[in-house]
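Here is a protein to read with a few working definitions in hand.

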Amino acid sequence: MIRYPTDEEYASYDGMHCNVKWSRLSHDWQCPVCNRNKRQILQWGKRVGSNALRYGSIGWKAGLHTHHDHGADIGRERFSPTLLCGACNYLDARLKRKAGVTGEFSFSPSEMRECLILARPNEKIRDCDIDFDRAKSIYSALSLIRASAKDRILPFSPAL
Ligand SMILES: [Zn+2]
């Protein structure tokens, strides 16, 4: 069953391991991929690691991650580092796996938004909420652009 935080629960949530990022964000911040606000990215469930030890094994949790372009590691940055909710940061990995991405590549926040059909408040993003075919077509279109570049360097190949 999906739980929604009460006003009191939301007010008392401190961000746990993302405490600094959480406290610096305004209440009306919205994840640029799923458009959910701080209250809506809270999920009730099992905690792991240091969060579980410090805050208890079950309760509210919300990830905040700075999503960066792995292409930047090889001088091919397509977007600036962007703060996303934990579910959307994980979405990039899910899209890459299904699209067969190899090498240093990340979907940009706007590309991820194109692949996200639906994000429900206080819930995980399900496979049925994701348009994996869209991710494949975005990736293959970018691969073709890179492959036709005059330097003829094949894109995103770990064998470079
Ligand atoms: Zn999000």
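Buried means under 20% relative accessible area. Keep that cut-off in mind; the model is a predicted one.

Q: Why is C88 called buried?
A: C88 has a relative accessible area of 0%. The cut-off for buried is under 20%. Therefore C88 counts as buried.

Q: What makes C85 buried?
A: The relative accessibility of C85 is 1%. That value falls under 20%, so C85 is buried.

Q: What makes C31, C34, C85 and C88 donors of the zinc ion?
A: Their SG atoms lie 2.3 Å from the zinc ion.

Q: How are the donor residues of the zinc ion spaced in sequence?
A: The spacing is C-x2-C-x50-C-x2-C.

Q: Why is the site of the zinc ion called tetrahedral?
A: The angles among its 4 donor atoms run from 104 to 117 degrees. Four donors count as tetrahedral if all angles lie between 85 and 135 degrees. For four tetrahedral donors, the ideal angle is 109.5 degrees.

Q: Is D129 buried or exposed?
A: D129 is buried, because its relative accessible area is 3% and the cut-off is under 20%. D129 sits in the loop between helix 6 (109–115) and helix 7 (132–147). Leaving aside residues up to four places away in sequence, D129 touches C115, L116, I117, L118, R120 and K124. To touch here means having heavy atoms within 4.5 Å.

Q: Where is A52, and which residues does A52 touch?
A: A52 lies in helix 4 (residues 49–55). Not counting residues up to four places away in sequence, A52 touches R47 and S57. A52 and D73 are 21 residues apart along the chain, and their C-alpha atoms are separated by 33 Å.

Q: How many helices and strands does the protein have?
A: The protein has 7 helices and 4 strands. From the N terminus, the order is α-α-α-β-α-β-β-β-α-α-α.

Q: What share of the residues of the protein counts as buried?
A: Of 160 residues, 41% count as buried. C85, C88 and D129 are buried too. The protein exposes about 9100 Å², and carbon and sulfur atoms supply 53% of that area.

Terms used:
Residues numbered from 1 in each chain as written. Predicted model: local features only at pLDDT ≥ 70, side-chain atom pairs only at ≥ 80, totals over all residues. Heavy atoms only, no water. Donors = N, O, S within 2.8 Å, 3.2 Å for Na, K, Ca; no water. Tetrahedral: all angles 85-135°; square planar, octahedral: opposite > 155°, others 65-115°. Buried < 20%, exposed > 50% of the residue type's maximum accessible area, 1.4 Å probe, protein only. Helix = DSSP H or I, 4+ residues; strand = E, 2+ residues; numbered from the N terminus. Areas by Shrake-Rupley, 256 points an atom, 1.4 Å probe, with all protein chains shown as cover.
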